[in-house]
Amino acid sequence: EFRRVLFRSKQHLGFYPTPSAITAFQEDLQPYKTSKGAVQFPFAQPIPYELIAVMTAWRLAEVKNKHA
């Protein structure tokens with residue numbers, strides 16, 4: 001199951017990797033506003049593209065393992 005996980009607003013990039021990813025990466029996400037399943041990366045700061053890539057790969061592995 002694939003869904004759009006990035007949304008853009010005027011002030012931030014919203015990333016929705018699911019609650020399990022937010023929990024797994026909570027230390028890395030401390031500088032950002034988070035909710036149960038989302039994180040906001042403000043455009044006033046550099047966007048952490050590497051962190052987004054690592055979280056995306058982690059989430060993909062989690063989905064694959066669930067359906068294995």
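Biologist: Helices are DSSP runs of H or I with at least four residues, and strands are runs of E with at least two, numbered from the N terminus. With that settled, what kind of model is this?

Modeller: This is a predicted model, in which local features need pLDDT of at least 70 and side-chain atom pairs count only at pLDDT 80 or more, while totals for chains, interfaces and linings use all residues. Residues are numbered from 1 along each chain as its sequence is written, and side-chain values use heavy atoms, with hydrogens and water left out.

Biologist: What is the mean pLDDT of the chain?

Modeller: The mean is 90, and 94% of the residues reach 70 or more. pLDDT is the predictor's confidence in each residue, from 0 to 100.

Biologist: And where is confidence lowest?

Modeller: It is lowest in β1, with a mean of 77, whereas β3 has the highest value, 97. Where pLDDT is low, the predicted coordinates should not be read in detail.

Biologist: In what order do the strands lie in the sheet?

Modeller: The sheet is open and has 4 strands, in the order β1-β2-β4-β3, with antiparallel pairing. Two strands pair if DSSP finds at least two bridges between them. The edges are β1 (6-8) and β3 (33-34), each of which pairs on one side only.

Biologist: How many bridges join β2 to β4?

Modeller: There are 4 bridges between β2 (residues 12-15) and β4 (residues 39-42). Within this pairing, Leu 13 has Phe 41 as its bridge partner, and Phe 15 has Val 39. The C-alpha atoms of Leu 13 and Gln 40 are 5.7 Å apart, although 27 residues separate the two along the chain.

Biologist: What about β1, how is it joined to β2?

Modeller: A hairpin through 3 residues links β1 to β2, and the two strands pair in the antiparallel sense over 3 bridges. Phe 7 has Gly 14 of β2 as its bridge partner.

Biologist: And what joins β3 to β4?

Modeller: That link is a hairpin of 4 residues. The antiparallel pairing there has 2 bridges, and Lys 33 stands opposite Gln 40 of β4.

Biologist: Which faces of β2 are covered?

Modeller: Both are covered: His 12 and Gly 14 on one side, and Leu 13 and Phe 15 on the other, are all buried. Leu 13 counts as buried because its relative accessibility is 13%.

Biologist: Which residues touch the most other members of the largest nonpolar core?

Modeller: Among its 13 residues, they are Phe 15, Leu 29, Val 39, Phe 41, Ile 52 and Met 55. Two or more core residues come from each of β2, α1 (19-24), β4 and α2 (49-66), and α2 gives the largest share, 3 residues. A nonpolar core is a set of buried Ala, Val, Leu, Ile, Met, Phe, Trp, Tyr and Cys residues joined through side-chain atoms within 4.5 Å.

Biologist: Why would such residues gather?

Modeller: In soluble globular proteins, nonpolar side chains tend to be buried together.

Biologist: Which residues make the nonpolar surface patch, then?

Modeller: Val 5, Leu 6, Phe 7 and Tyr 16 make a patch of about 330 Å². Patch residues have over 30% relative accessible area and no salt bridge; like charges are joined within 9 Å, and nonpolar side chains (Val, Leu, Ile, Met, Phe, Trp, Tyr) within 5 Å. Leu 6 of strand β1 is partly exposed, at 37%.

Biologist: One last topic: how many salt bridges does the structure hold?

Modeller: It holds 1. A salt bridge is a side-chain nitrogen of Lys or Arg within 4 Å of a carboxyl oxygen of Asp or Glu. Here the side chains of Arg 59 and Glu 62 meet at 2.6 Å, N to O.

Biologist: How far apart are Arg 59 and Glu 62 in helix α2?

Modeller: They are 3 residues apart, so about one helical turn separates Arg 59 from Glu 62. Arg 59 is partly exposed at 23% relative accessibility, and Glu 62 is partly exposed at 25%.

Technical notes: Areas by Shrake-Rupley, 256 points an atom, 1.4 Å probe, with all protein chains shown as cover. Buried < 20%, exposed > 50% of the residue type's maximum accessible area, 1.4 Å probe, protein only.
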